[in-house]
Amino acid sequence: TYRLQNSNNDVIRFTAGAVTEFSDGSGYAALGTYFYDEYYPQAAGVAYIRLDVNGNVMLTQGYTLSPMIEGGPGLNINAVRESVSTPGDIFATGKNWALRIDQNGNLIWGNVYTGAPIANRDIIESPYNPEVIVVGQLNTSPSKGFLMVLDPNTGAVVKADEMSSYFATDEYLNSIDVSNDPFQPGFILSGVADEKV
């Protein structure tokens, strides 16, 4: 159990979190939403906590992304992944944003995507090309899954594609992972297809 405080001794409420283990076995990266006021939880930003293998706090850092949607739902941490090309760096995504943090807790980039209404569900760095891929849902009617390719150094959108089977009324992509098939390298996607009558 951790009690977090800022430099003004305000108690920070840490919630909506996600955790990943570092590939070198040195510990864990935990990201979540942080709040200043326990009784009026207005979201203040995204918090990063680095833990050693015994759960001791090694580093804490907070980030405010602009124009971040205020309130808990806008700041949910939907996915946290360690970088493949730079182990120790972390990629994370939530409702309409993504960020990259280096192993010292410095924010390399943090972008809010304000175009089409989207809900980012998962993020991964490609081992094949220098790119980061985000999958999720276009909040359109009907909703469709999308795949967005980002520049790993800036978070800028390189391309975005609607991904739809056209077999359902509403669809979204929920996760992405690297395929281990040596003959057909690529990615495995999963999601939900909701056929409404």
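1. Two strands count as paired if DSSP finds at least two bridges between them.

2. How far can the model be trusted? The chain averages a pLDDT of 84. Of the residues, 83% score at least 70. Confidence is lowest in strand E1 (residues 4-5), with a mean of 74. Confidence is highest in E8, at 94. Where pLDDT is low, the predicted coordinates should not be read in detail.

3. Now the sheet around E8. Four strands form an open sheet in the order E6-E7-E8-E9, and the pairing is antiparallel. Strand E6 (77-82) and strand E9 (107-112) are at the edges. Each has a single partner strand, so one side of each lacks a neighbour in the sheet. On average, neighbouring strands are turned by 10° against each other, direction ignored.

4. Look next at the other partner of E8. Strand E8 (residues 97-101) pairs with E9 over five bridges, again in the antiparallel sense. Arg 100 stands opposite Trp 109 in E9. Trp 97 stands opposite Val 112 in E9. The hairpin of E8 and E9 has five residues between the strands. In that hairpin, Gly 105 takes a positive phi near 90°.

5. Is E8 enclosed or open? Five of its five residues are buried, so E8 is largely enclosed by the rest of the structure. In a regular strand the side chains alternate between the two faces of the sheet. Check this on E8: Trp 97, Leu 99 and Ile 101 lie on one side, while Ala 98 and Arg 100 lie on the other. Both faces are covered, and these residues are all buried.

6. Which residue does Arg 100 meet in a salt bridge? The partner is Asp 89, at 3.0 Å from N to O. Arg 100 lies in strand E8 and Asp 89 in the loop between E6 and E7, so the pair ties together parts that are 11 residues apart in sequence. Asp 89 is buried too, with a relative accessible area of 4%.

7. The salt bridges come to three in count. Side chains of opposite charge can pair when their charged atoms come close. Arg 81 and Asp 122 meet in one, at 3.0 Å from N to O. That pair links distant parts of the chain: Arg 81 is in strand E6, Asp 122 is in strand E10, and they are 41 residues apart. Arg 81 is partly exposed, at 21% relative accessible area. Asp 122 counts as buried, at 6% relative accessibility.

8. Arg 81 has another partner. The side chains of Asp 177 and Arg 81 meet in a salt bridge of 3.9 Å, N to O. Asp 177 lies in strand E14 (residues 170-178) and Arg 81 in strand E6, so this pair ties together parts 96 residues apart in sequence. Asp 177 is partly exposed, with a relative accessible area of 41%. Together, Arg 81, Asp 122 and Asp 177 are linked in a network of salt bridges.

9. Turn to the nonpolar residues. In soluble globular proteins, nonpolar side chains tend to be buried together. Here the largest nonpolar core has 16 residues. Those with the most contacts inside it include Leu 31, Tyr 48, Ile 77 and Trp 97. Strand E3 (27-35), strand E4 (43-52), E6, E7 and E8 each give two or more residues to this core. The largest share, three residues, comes from E8. Apart from this core lies another, of 13 residues, among them Val 134, Phe 146, Met 148 and Leu 150.

10. Seven of the eight residues of strand E10 (residues 118-125) are buried, so E10 is largely enclosed by the rest of the structure. Seven bridges join E10 to strand E11 (residues 132-138), and the two run antiparallel. A hairpin connects them through six residues. In this pair, Ile 123 stands opposite Val 134 in E11.

Technical notes
Residues are numbered from 1 along each chain as its sequence is written. This is a predicted model: local features need pLDDT of at least 70, side-chain atom pairs count only at pLDDT 80 or more; totals for chains, interfaces and linings use all residues. Side-chain values use heavy atoms; hydrogens and water are left out. Axes are lines fitted to C-alpha atoms, for helices over the stretch in contact, and angles run from 0 to 180 degrees between N-to-C directions. Buried means under 20% relative accessible area, exposed over 50%, partly exposed in between (1.4 Å probe, protein chains only). pLDDT is the predictor's confidence in each residue, from 0 to 100. A nonpolar core is a set of buried Ala, Val, Leu, Ile, Met, Phe, Trp, Tyr and Cys residues joined through side-chain atoms within 4.5 Å. A salt bridge is a side-chain nitrogen of Lys or Arg within 4 Å of a carboxyl oxygen of Asp or Glu.
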